Amino acid sequence: AAAAAASTATGGTALMSGLLGWLVIGAQVPVPSSETSSGNGTFGVTFDCYKQIIHEFDTPPSLTGMLLRDLISHPSVTSLKFQNGDLIVDNIWNEQFQLQLVGVPATQTLPAMMALHATRVATQ
């Protein structure tokens, strides 16, 4: 188990020193109004989904999200690993989150980009 943890930590460090560490986590793109049941949804981008990982619930909305390399070094994050082809983050509250690559459309203030979206998948 210790060797696996060391491997995960080493792999996470290597990943964060490369291009992957510069991805923004927190991107969430709501669906257009024609695809919502109420018909009043809009296109928009939020960058707050990372907050559930580190339990930052009382902070104002984030305009920029958090870089993956910064999230992984946060004291509330215990590991980053690849599991069955998915990127998984564990936290100190024994929760697991899947990070999914998403395309973020261009807005008036942001260019189109790739980012990560965090979804809670399990409690250990």
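The protein chain of this predicted model contains 3 helices and 6 strands, where helices (H or I, at least four residues) and strands (E, at least two) are DSSP runs numbered from the N terminus. Along the sequence, these elements follow the pattern α-β-α-β-α-β-β-β-β. Residues are numbered from 1 along each chain as its sequence is written, and side-chain values use heavy atoms, with hydrogens and water left out. Because the model is predicted, local features need pLDDT of at least 70 and side-chain atom pairs count only at pLDDT 80 or more, while totals for chains, interfaces and linings use all residues.

Of the 124 residues in the protein chain, 35% are buried (buried means under 20% relative accessible area, exposed over 50%, partly exposed in between, with a 1.4 Å probe and protein chains only). The largest nonpolar core has 16 residues; such a core is a set of buried Ala, Val, Leu, Ile, Met, Phe, Trp, Tyr and Cys residues joined through side-chain atoms within 4.5 Å. Ile53, Ile54, Leu68, Leu71, Val77, Val89 and Leu99 touch the most other members. At least two core residues come from each of α2 (51–54), α3 (68–72), β3 (77–83), β4 (86–91), β5 (95–104) and β6 (113–123), and α3 gives the most, with 3 residues.

A closer look at one residue follows. Arg120 lies in strand β6 and is partly exposed, with a relative accessible area of 42%. Not counting residues up to four places away in sequence, Arg120 touches Gln52, Glu95, Gln96 and Phe97, a contact being heavy atoms within 4.5 Å. Gln52 is 68 residues from Arg120 along the chain, yet their C-alpha atoms are separated by 8.2 Å.
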